[in-house]
Amino acid sequence: MGLSAVIKLNPEHSEAIREHGERDYPYECCGLLIGSSSANGSKVVSKIYPISNAREEEAKRNRFLIRPEELLRGERFAREQGLVVVGFYHSHPDAEARPSTYDLEHAWPTYSYIIVSVREAYANGLRSWELKADRSAFEEEAILKGD
């Protein structure tokens, strides 16, 4: 595959992200990826934490918003499990599973960003990305199947 960064995601979590994208179509869905990361930067997702898209109605088609209090609630949930937030997921309705310019402008380095493409209410692609440290671009992350 040639991708240096790695995130491990079990089929149950992949399916939960796809289903969330299909359920919220034609709007973007969003949520947290909760798990652990190792010293080499690889991540393991242990839990998916769906969040309601807080964007106003019209903007929900191509933007998502996680309110600070929702992020804090998710971080608290992760901490209670002995885990951390390792990234975020969202859908791209009727678009490819690759980061937009908006995604680039609002992302943070070290986190994984899983994007699911949902076309005509059917999830058909799931890819993961990590922002470069200099914030210039995303690099695709390999998604490994977990247990």
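## Helices against the sheet

Helix α1 (residues 11–24) lies across β1 (6–9), β2 (30–37), β3 (43–51), β4, β5 and β6, and runs at about 25° to β3. Helix α2 (residues 68–80) also packs on the sheet, where it touches β2, β3 and β4, and its direction makes about 135° with that of β3. Helices (H or I, at least four residues) and strands (E, at least two) are DSSP runs, numbered from the N terminus. Contact means heavy atoms within 4.5 Å. Axes are lines fitted to C-alpha atoms, for helices over the stretch in contact, and angles run from 0 to 180 degrees between N-to-C directions.

## Model and confidence

This is a predicted model, in which local features need pLDDT of at least 70 and side-chain atom pairs count only at pLDDT 80 or more, while totals for chains, interfaces and linings use all residues. Residues are numbered from 1 along each chain as its sequence is written, and side-chain values use heavy atoms, with hydrogens and water left out.

The chain averages a pLDDT (the predictor's confidence in each residue, from 0 to 100) of 91, and 95% of the residues score at least 70.

## The barrel

Seven strands close into a barrel with mixed pairing, in the order β1-β3-β2-β4-β5-β6-β7. From one strand to the next, the twist averages 40°. Two strands pair if DSSP finds at least two bridges between them.

Strand β2 is joined to β3 by eight bridges, and the two run antiparallel; Leu 32 has Tyr 49 in β3 as its bridge partner. Strand β2 is also joined to β4, antiparallel, by six bridges, and here Leu 33 has Gly 87 in β4 as its bridge partner. Six of the eight residues of β2 are buried, so this strand is largely enclosed by the rest of the structure. Buried means under 20% relative accessible area, exposed over 50%, and partly exposed in between (1.4 Å probe, protein chains only). The hairpin of β2 and β3 has five residues between the strands, and in it Gly 41 takes a positive phi near 95°.

## Strands β5 to β7

Eight bridges join β5 to β6 (residues 122–131), and these strands run antiparallel. Arg 119 stands opposite Tyr 122 in β6. Strands β6 and β7 are antiparallel too, with four bridges between them, and Leu 131 stands opposite Phe 138 in β7. Their hairpin has six residues between the strands, with Arg 135 at a positive phi near 65°.

Strand β7 (residues 138–145) is joined to β1 by four bridges, and these two run parallel. Val 6 stands opposite Ala 142 in β7.

## Aromatic rings

Rings of Phe, Tyr and Trp (its six-membered ring) pair if their centres lie within 6.5 Å; planes under 30 degrees apart count as stacked, over 60 as edge-to-face and the rest as tilted. By this rule the count comes to six aromatic pairs. One of them is the tilted pair of Phe 88 and Tyr 111, at 5.3 Å centre to centre with 55° between the planes. Phe 88 lies in strand β4 (residues 84–93) and Tyr 111 in the loop between α3 (101–106) and β5 (112–119), so the pair ties together parts that are 23 residues apart in sequence.

Trp 108 and Tyr 111 have ring centres 5.7 Å apart and planes at 55°, so this pair is tilted. Phe 88 is buried at a relative accessible area of 5%, whereas Trp 108 is partly exposed at 42%. Ring pairs link Phe 88, Trp 108, Tyr 111, Tyr 113 and Phe 138 into a cluster.

## Two buried polar residues

Ser 91 is in strand β4 and is buried, with 0% relative accessibility. A polar atom of its side chain lies 2.8 Å from the backbone nitrogen of Cys 29. A polar contact is a pair of N or O atoms within 3.5 Å; within protein, one must be able to donate a hydrogen and the other to accept it, and residues adjacent in sequence count only if both atoms are side-chain atoms. Leaving aside neighbours within four places in sequence, Ser 91 is in contact with Gly 21, Tyr 27, Glu 28, Cys 29, Val 116 and Val 118.

Asn 10 lies in the loop between β1 and α1 and is buried, with a relative accessible area of 12%. The side chain of Asn 10 reaches the backbone nitrogen of Glu 12 at 3.0 Å.
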